[in-house]
Structure formats: C-alpha cells, structure tokens
Amino acid sequence: MSSEPLFLEPLFLEPYFQEKIWGGDRLYTEYGYQIPSDHTGECWAISAHQHGPAIVENGPYKGLTLTEVWDKHREVFGDAKGDVFPLLTKILDAKADLSVQVHPDDAYAKEHEGELGKTECWYVLAADEGAQMYYGHHAKTREELAEMIENKQWDKLLRKIPVKAGDFLYVPAGTIHAIGKGIMVLETQQSSDTTYRLYDFDRVDKTTGKKRELHLKQSIDVTNVPHVDPKLDIQTTVTGDEKVTRFVDTDFFAVYKWEIDGSATFERQQAPYTLASVLDGNGQLEVEGRTYELKKGMHFILPYAVKSWTLAGKMMLIASEPGKKA
C-alpha cells in the first residue's frame, strides 16, 4: 500500500452533461441539475472517462477531475490496478427512443477501439405508461442476424419488453438494446464510450441535416447469437431501518439498492471503494464522526480507508462496487 495518509472523506462529484438527439429536460425537472438544454440526455454522474469527467466538489481534491484523482492519488482507491477508473455511473433521460445499439466486450474493444468493453445495467427510475425497452433479438444464427439487418426487418428482429419504475435489467456486452421513449434509468457500466449503432429509426440530426452513422459490420461482429436472457440472482434483506437489494454481482461490478427509513450502518467487505447515488429523498451520511448532508441527485465515492459509514433519513440510493475484472 501507499505511504500516503489514510483518506477518510467521501468524494462528492459534480456531474458532466451530454446533449443528445433523444434527450429531454427531466434531469432538471426531476433532479434540479443545471442542464445545458432541453435535449439533455445523459448525466455522467460518477465518471473518469475522457469524454466527460466529473469534478470533485469537496476536500483536498476539490476542483480536480475524478480522472486526476485516480491518476495521481491511487491510494484513495486502495492502490487499485488498471490504467483507467473502471466504472461509470449515469442517469439517462429518454424523451425519444435511443438508437438500437450493441457494445463490444473487452477483447474486441481493446483491439478495435483502444478502451474497455461495455457491459452495463439499468435501474429504471421512471417509465411512462406503456414504455418499452429494446432488449435482445430473435435471430437464431449470425447469418440470419445479418440477413434481417440487410433487409431492414426491424420488427421481426428486435425484441421489446415492457418496463416500469423499479425494474432492473442487466445488459452484458453483445446484447442488442435501446432505452425506449419515456424512460429514465440509472446506468452502471464499465467506463467505456464505445457504442455500435445498429438502427436509428432513420432519424436526421437537426444540427447536421444528416442521418447519424451506423456501425453494421461491428454490430454483427459483436452481437451474442442467439440472445439468451442472463439469469439474475436478485436478493433482498431487511435489517432494522434498512432494506438492501443486491441486483447483480459480476466480474465487472456489483450493484445494490439501499433503502433507508431511519438509520443504518454499513460495513464494506472486500471491495476497495464504493460508488453511491442518492435517487430519492434526503438525509445524512456519517463517516468517521463527520456528517454530510445528502439530497436527491447527489453522487459520491466512499474511498478505500472508509470501512464503515452510517446513513440516516428517508432515502433511496443505488450503489456499486468494482468486480474482479475492474
């Protein structure tokens, strides 16, 4: 371990926002963020990716990007290995359907894009009545997949599933997917911005007057065929004033929902650090005798030296930790 003194303060982060053709204004109306426009699609809440790094808001590293803290103060993260901070937390607001897309795994992304692959997952924050996700496909072979794509048989190829607030979907690399109109999600993913766009509903970008680029060859290369829904072992435990749901625990990340109504103390087991997003309610976080106010829309990292913490109030958070491959 590093000889640097133990860092016992949570890192609160200022998000980075991305405007999108499909974005809306709910990041402002729901969370109060000062978004750049009323077609803002993504809040990169906990990010060290070069395309949108979050900025530390407090403590000795105030004003630094999360990338800079990772690069220069690795002891904060338990001297974790890896060239890049491995996780990325987003909130996405889909006023319209996202493009139908697929992400590569680590091996393909490293060879062709020079970055991590992109396995991700979604916790559904809100969904209009009748909202649907595109999730998976109906092709039985890669040849059939290519044929359906070439013939633009999208209704035959693409699988749709209804969703509602509180649902959770795991999206391994190679899964054809798209967040549907009227849905907001909290996304936990590998820190990658590689997306292969398969179909974009023939939309024209108003700023360029052109259709957005598609990546058909790459999409066919990386799609899992046939599609098989991943088996999830979702577990919920209730102890005192806390309800903890573990949605997934993979080589890339573990993701939890913390529901607090009162006061609850948490102890980290093996992960070197913990990411957390307050998605409803408000309260307090206590670390090493210091209290920090929490409200809806705040995001923070609990560093390596923080082995236990207390949450008090009435609130819901989504938390994540790096997995073995992170």
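Student: Which residues are buried in helix H4 (residues 142-150)?

Tutor: Those are Leu145, Met148 and Ile149. Keep in mind that this is a predicted model. Buried is the word for a relative accessible area under 20%, so each of these three falls below that cut-off.

Student: What do the buried residues of H4 pack against?

Tutor: Three elements: helix H5 (154-157), strand E13 (196-199) and helix H6 (216-222). And H4 is followed by Lys152, with a positive phi near 55°.

Student: Why is the pair Glu30 and Lys296 called a salt bridge?

Tutor: Check the distance. The closest N and O atoms of Glu30 and Lys296 are 3.9 Å apart. The rule asks for a Lys or Arg side-chain nitrogen within 4 Å of a carboxyl oxygen of Asp or Glu, so 3.9 Å qualifies. The pair links distant parts of the chain, 266 residues apart: Glu30 is in the loop between helix H1 (26-29) and strand E3 (40-46), and Lys296 is in the loop between strand E18 (290-295) and strand E19 (299-302).

Student: Why does Glu30 count as partly exposed?

Tutor: Its relative accessible area is 35%.

Student: What makes Lys90 and Glu42 a salt bridge?

Tutor: The closest N and O atoms of that pair are 3.4 Å apart, and the limit is 4 Å, so the pair passes. Lys90 lies in strand E5 (residues 87-94) and Glu42 in strand E3, so the bridge ties together parts 48 residues apart in sequence. Both Lys90 and Glu42 are buried. Shared partners also join Glu42, Lys90 and Glu187 into one network of salt bridges.

Student: Why are E2 and E10 called edge strands?

Tutor: The open sheet has six strands in the order E2-E3-E5-E12-E7-E10, with antiparallel pairing. Strand E2 (16-24) and strand E10 (168-171) each pair on one side only.

Student: How do you know that strand E7 (residues 120-127) and strand E12 (residues 183-190) pair?

Tutor: Pairing takes at least two bridges, so the seven antiparallel bridges between E7 and E12 meet the rule. Glu120 stands opposite Gln189 in E12.

Student: What joins strands E14 and E15?

Tutor: Five bridges, in the antiparallel sense, between E14 (residues 235-239) and E15 (residues 242-249). Thr237 has Val244 in E15 as its bridge partner. Their hairpin has two residues between the strands, and Gly240 takes a positive phi near 60° there.

Methods:
Residues numbered from 1 in each chain as written. Predicted model: local features only at pLDDT ≥ 70, side-chain atom pairs only at ≥ 80, totals over all residues. Heavy atoms only, no water. Helix = DSSP H or I, 4+ residues; strand = E, 2+ residues; numbered from the N terminus. Buried < 20%, exposed > 50% of the residue type's maximum accessible area, 1.4 Å probe, protein only. Contact = heavy atoms within 4.5 Å.
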